[in-house]
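Student: I would like to learn how to read a few features of a fold. Can we go through them one at a time?
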Amino acid sequence: MQRITTRNARFQQFQTLLTNRTKRGRAREFIVQGVRPITMAVEHGWTIRSLLYDASRPLSRWAEELVRGIGTERIAMAPDLLAELSEKAEGAPEVLAVVEMEPDDLTRIRVDEDFLGLVFDRPTQPGNIGSIVRSADAFGARGLIVTGHAADPYDPKAVRATTGSFFALPVVRTPSHREVGDWLDAERDRGRPVLVVGTDEDGECDASEFDLTQPVLLLIGNETAGLSSAWRDRCDHIVSIPMTGSASSLNASNAASIVLYEARRQRLAKRKG
């Protein structure tokens, strides 16, 4: 067991995991807080590299079992330093976990006859990534692919917004649409044809009128610019969400949630039928 009571070099190393995307990527680790997210990380087999806990108070049963049950580095930390790493204005959490990133490998996403997945192209807001991960997990998607020059899914804001779903749903980053296209082509060669279905206000039909029970990869465009021309060319179909009122568009995470719900609704109805 180690102790950290000052802002020493090790503490500053942990700080960079919160604030510096480049260094977070080099270390291939990120900080997770909260009972549910940490529990889900453990349950889903993610590698816990370090557990940081409050050295000034007795731990709850959950925290004590966690600290004793995982064979990893354990660091007792001063509560003010722990609170600083949790980015909380008041109070320190019992435990923070330093978790190893999973590889950006598209084969982590399982494709079969019931496949439902998402692509979020060039998102700018980490919170939107987190919200989409949460909805994707809730409505039975198999994974989320984040493409292009994008916000980081491992950003603390993104991870917090998932409320733990980040560890249940594969999230894979790719530099562009090309890697996704190659992956889809390989899946089709294996006899697993997946339709790429984009979302846009000028879609060919409403999402409710399109058969979303077949293997589908849903595409959500950038929050401001929408679908890129490269992704439009890759789409097999483009659907829209019917709207009334003065709103011209929906927030990206809201649009994703609506189409995911519609896909889930159709699939449940097909099973019952």
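Student: What covers the buried residues of α3?
Tutor: This is a predicted model. The cover includes β2 (29–33), β3 (48–54), α4 (61–69) and β5 (95–100).

Student: Which residues of α3 are buried?
Tutor: First the general idea. An α-helix has 3.6 residues a turn, so residues three or four places apart point the same way. Now the case here. In α3, residues 35–43, the buried ones are Pro 37, Ile 38, Met 40 and Ala 41. Their arc around the axis is only 160 degrees, so they sit on the same side of α3.

Student: What comes just after α3?
Tutor: Gly 45, with a positive phi of about 80 degrees.

Student: How many disulfides does the structure hold?
Tutor: The count is 0. A disulfide needs two cysteine sulfur atoms within 2.5 Å. The closest cysteine sulfur to that of Cys 205 is in Cys 235, 12 Å away, which is too far for a bond.

Student: Is Cys 205 buried or exposed?
Tutor: Buried means under 20% relative accessible area. Cys 205 has 16% relative accessibility, so it counts as buried. Cys 235 is buried too, at 12%.

Student: How do I read a pocket?
Tutor: Rolling a probe the size of a water molecule over the atoms shows where empty space is left. Here, the second largest pocket has a volume of about 180 Å³.

Student: Which helix gives the most to the lining of the second largest pocket?
Tutor: Helix α10, residues 252–272, with 4 residues. The lining includes Asp 114, Phe 139, Arg 264 and Lys 270. By type, the lining has 6 charged, 2 polar and 2 nonpolar residues.

Definitions and conventions:
Residues are numbered from 1 along each chain as its sequence is written. This is a predicted model: local features need pLDDT of at least 70, side-chain atom pairs count only at pLDDT 80 or more; totals for chains, interfaces and linings use all residues. Side-chain values use heavy atoms; hydrogens and water are left out. Buried means under 20% relative accessible area, exposed over 50%, partly exposed in between (1.4 Å probe, protein chains only). Helices (H or I, at least four residues) and strands (E, at least two) are DSSP runs, numbered from the N terminus. The arc is that of the directions from the helix axis to the C-beta atoms. Contact means heavy atoms within 4.5 Å. On a 1 Å grid over the protein atoms alone, a cavity is a set of points where a 1.4 Å probe fits but cannot get out, and a pocket is an open set with protein on both sides within 12 Å along at least five of seven lines; lining residues have an atom within 4 Å of a point. Grid points are joined across faces, edges and corners, and a volume is the space filled by probe spheres set on the points. Ala, Val, Leu, Ile, Met, Phe, Trp, Tyr, Cys and Pro count as nonpolar, Asp, Glu, Lys and Arg as charged, and the others, Gly among them, as polar.
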